[in-house]
Structures are given as C-alpha cells and as structure tokens.
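This report describes selected helices, loop positions and residue contacts. The sequence and structure are shown first, and the description follows.

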2 protein chains.
Amino acid sequence: MNKRQLQKQKTRLHLLKIAKSEFVKKGFLNTTTSEIADAAGIAHGTLFLHFKNKDALIVEILDKELEEINQAIQQMIAEAVDLEQLLLQYLNLLQKEEELFAVLARELPFYNEELRRKILFRDSIIRSHFHRAIELGIKEKKYRDVDVTSAVMFLFGTINYYLSLKSIFIKEGSVIEKFKPSIIKTLKDLLFPV
Amino acid sequence: MNKRQLQKQKTRLHLLKIAKSEFVKKGFLNTTTSEIADAAGIAHGTLFLHFKNKDALIVEILDKELEEINQAIQQMIAEAVDLEQLLLQYLNLLQKEEELFAVLARELPFYNEELRRKILFRDSIIRSHFHRAIELGIKEKKYRDVDVTSAVMFLFGTINYYLSLKSIFIKEGSVIEKFKPSIIKTLKDLLFPV
DNA sequence: CTTTTAAGTGAGTATTCAGTCACCGAGTTT
DNA sequence: AAACTCGGTGACTGAATACTCACTTAAAAG
C-alpha cells in the first residue's frame, strides 16, 4: 500500500471516529454532513469520496458495534448459564456504548427500511439468546413457568424505553446504571426460582 | 357571533380534524403544513391565521386527547378496583387512538421541551394511577410484594415499545390488540395473588 | 523531469419547508 | 351605497442541508 492509499485509509477511520462522536452528541438525524466534515477538519465534499452517502456512515458504525455486542453475548452464553449473570453482563455491554444505543432507540423508527432491518436483525439475535436461556431454565425447573416471549419483550421493551427517554429523564450519567438494579429485580420477581 | 366569526370557527375545527388525520397517517414530523392546508382545501397562509405555528396544532390536538384519557382513567379508578380490569380498560382506551399514540411514542424525543413536558406530565399522571393501584393491592395482601416502581415502568415501557415499533412490526391492524393478552398475562405473572 | 493519476476542495445546485406579506374581496358598519 | 374591516390568498423568502463537479495539488509512473 502506497503513501496515498495509506493516507486515505487513515482519513476514513478518522472520519468514522469523528462521525460516531458527533452522532452520539447530537443524534444521527440532527447531525449534518457539514458538521462531520468540519469536526474532522476536511472539506465537505471529501466526506462523499469516502462514503457513498450519510446513511453509509451510520451503517458502518453500527455494523461494527452490533457485531461486537453479538460476539460478546455469544461468548457469554457459552460460558455462563446463570440468567441473572447474563442480563447483568448484557446491561454492562450496553452501558459501554449507552449514548450510541440511546440514539438508536430514539431514531430507529425514522431510519430507512434497510438500515432498520439490519439493526432489528442483530437485536433479534440477542433477544433470542435470552429467550433460550429463560426457556432452558424453566425446562430444568430452575424458574417457574411463565410466558417466555412476553417476558423477553417486557425486558427489552423496558430497556429500550429507558434508552429512548434517556435525554429526557437524565441529561448526565448512565440510565442503564441507574435502572439496572430495578430491571434485574423485576426479572427475578417474574421468574423467581421454584 | 356573526357570519364571519362562525365561518372562522368552523374552519378552525375542520383544520384540527384534517391535521389530526394527516398526523396519524404520516406522523407529525413528516407532515408539511402545505399538505394539511391542501387536504383541508384552504390556502397555505390561512393555516397560520388560525394557529401560531405548526407546533400549536399538535399541542391542541394532544391536549384534547390526553385530557380525555386522563378523565376516563380517573373515572375508572373511582369505579373499579381490580387491577387487571383497570389495565384492560386502559389498553382499550389507548387502542381507540392507537395510531395517534404510536406517532407520539415514536416522535416524542424529537419534540421541543415544552411539548414533551406537557405529554410526559399527562403520562406520569396515568402511571401514578397504576402505581397506587398496585401499591394498594400489595398493602391489602391481594398481590405479593414486588418493586412497584419497576413493575409500572416495565409495563409502560413495554407498551411504549410496541407502539413505537408499530409501523415496523405490523403495518395493518392493532398492536395493542395483538399484544394485549401477553401484557396482561405478564403483569399477572409478576403480581400473582398470594 | 514530464506526464499521468487520483485525492481533496468548497462554491454551487437542487430541494424541501415553515412562515410572511401585499393584495383582494366578501361581509359589516355607518 | 360608501367606507371600512378582516379573513383568505398564494407567490415569495430565507434557512437548512444532502450531494455534485470543475478545478487544484500532491503523489506515482514512465
């Protein structure tokens, strides 16, 4: 790889980093391509040499992030069997990139079909991990018998709700951190051991 | 009231009705003032004689709707004591204006401070009704002792989640209708009678 | 050293919209 | 019936903002 190609790759990574931080700060929809270019210290037009359009930017950022979380969850599943532990680790994982996931929770309904499908697909994989974990616990008589699907939706619905309203409820600090105990407590209340 | 004033009032009400149907169809953010004027059969400028700006339109529509639901809930509380019954009636109430509430659930984070505060205030009143109903049930030993706050948030979080993703999950028909049984079942699972 | 290649530039284009204003004409008052 | 009032009109304005393209410049090739 020559000097030119190296520089281009470097600029590309720099752009991704800057774009992510801008999106986290103001959301994807409220960040203009000019702002990203300015923040990255490049010309506006240059952005479009690296990425086909604005959508391609968020797609790449999210693809990386969601793949990472999926990998981590899969590994957890392989290692841990305790549901509470799994939930706790998942919440910790979300918390690490909480700002970004909050943007996602808020803006998802406004994205185009393709992007939405991509995100919801990853999301559904993670949901299915929890589904299986609960189901297994019930089969092994570790927990009492409840409607697994609605329990999982209840769980993810709440997390999504807290995230989407993050900017309204609390401006500073982590919502996940704040509501973690009550989310875990309620799941335990719901599934308490027999 | 003379002929002119009568006409104006009539146009105003007509505008509110048309605006609501447009908002329900396409969402508040994706409906232009021109579209509303066109649909109502008036000139674009006329809209701004009746309403200070676009925000004022949705504020008035929602104020009416949310006040109605609040009144209804208060009456229910006064009459019924059974929590399941209350939840069922609340869901039916939401279902009646499901399209509008789905728009709300999706777009809320993008509204301005004032509008958001207004909506969340009404929302919190309704939440507090449920909070008190559960708390009372626990005190009277009707239900087992759980964390009331997180149970209520769990409940409202899920409803909000289903509503906000309505357009993604199902295009036709009612999400509330579809998920009503599982929402009620999960609440019962959580609070089952002692 | 000269020519070719391609990354980078930023003023410009196209489009979308909320909101305005000078004018019109129907309805009201004198 | 003349003068006045005020609701209605819609072309226009200005502000965003995603994306383009003719041109510059620095690196690579010959």
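Helix α6(A) is mostly covered, with 9 of its 10 residues buried, where buried means under 20% relative accessible area, exposed over 50% and partly exposed in between (1.4 Å probe, protein chains only). Helices are DSSP runs (H or I, at least four residues), numbered from the N terminus. The model is predicted: local features need pLDDT of at least 70, side-chain atom pairs count only at pLDDT 80 or more, and totals for chains, interfaces and linings use all residues. Residues are numbered from 1 along each chain as its sequence is written, chains are lettered from A and ligands numbered from 1 in the order in which they are written, and side-chain values use heavy atoms, with hydrogens and water left out.

The buried residues of α6(A) include E98(A), F101(A), L104(A) and R106(A). E98(A) belongs to this helix, which covers residues 98-107, and has a relative accessible area of 3%, so it is buried. With neighbours within four places in sequence set aside, E98(A) is in contact (heavy atoms within 4.5 Å) with L163(A), K166(A), G173(A), S174(A), V175(A) and I176(A).

## Packing of α4 and α7

In chain A, helix α4 (residues 54-79) packs with helix α7 (residues 113-139) at an angle of about 10°, and their axes are 10 Å apart. The axes are lines fitted to C-alpha atoms, for helices over the stretch in contact, and the angles run from 0 to 180 degrees between N-to-C directions. The angle makes α4(A) roughly parallel to α7(A), a term for angles under 35 degrees. Among the residues making the contact are L62(A), L66(A) and I69(A) of α4(A), together with I119(A), R122(A) and I126(A) of α7(A). The contact residues divide into 12 nonpolar, 3 polar and 4 charged. Here Ala, Val, Leu, Ile, Met, Phe, Trp, Tyr, Cys and Pro count as nonpolar, Asp, Glu, Lys and Arg as charged, and the others, Gly among them, as polar.

## The α7–α8 loop and helix α8

K141(A) is found in the loop between α7 and α8 of chain A, and K141(B) lies in the loop between α7 (113-139) and α8 (148-164) of chain B. Phi of K141(A) is near 65°, a positive value in a residue other than glycine; for K141(B), phi is also positive, near 65°.

Helix α8 of chain A (residues 148-164) has 17 residues and reaches 24 Å from its first C-alpha to its last, close to the 24 Å expected, which is 1.5 Å times one less than the number of residues. Of the 17 residues of α8(A), 15 are buried, so the helix is largely enclosed by the rest of the structure. At its start, a side-chain oxygen of D147(A) comes to within 3.2 Å of the backbone nitrogen of T149(A).

## Helix α10 in both chains

K180(A) is placed in helix α10 (residues 175-191) of chain A. Its side chain is joined to that of Q95(A) by a polar contact of 3.2 Å, that is, a pair of N or O atoms within 3.5 Å; within protein, one must be able to donate a hydrogen and the other to accept it, and residues adjacent in sequence count only if both atoms are side-chain atoms. Beyond four places in sequence, K180(A) is in contact with L88(A), L91(A), N92(A) and Q95(A).

T186(B) lies in helix α10 (residues 175-191) of chain B. Apart from neighbours within four places in sequence, T186(B) is in contact with S150(A), A151(A), F154(A) and L190(A). The C-alpha atoms of T186(B) and L155(B), 31 residues apart along the chain, are separated by 8.9 Å.

| Residue | Relative accessible area | Class |
|---|---|---|
| K141(A) | 65% | exposed |
| K141(B) | 66% | exposed |
| K180(A) | 11% | buried |
| T186(B) | 2% | buried |

Technical notes:
Helices (H or I, at least four residues) and strands (E, at least two) are DSSP runs, numbered from the N terminus. Angles under 35 degrees count as roughly parallel, over 145 as roughly antiparallel, 65 to 115 as roughly perpendicular and the rest as oblique.
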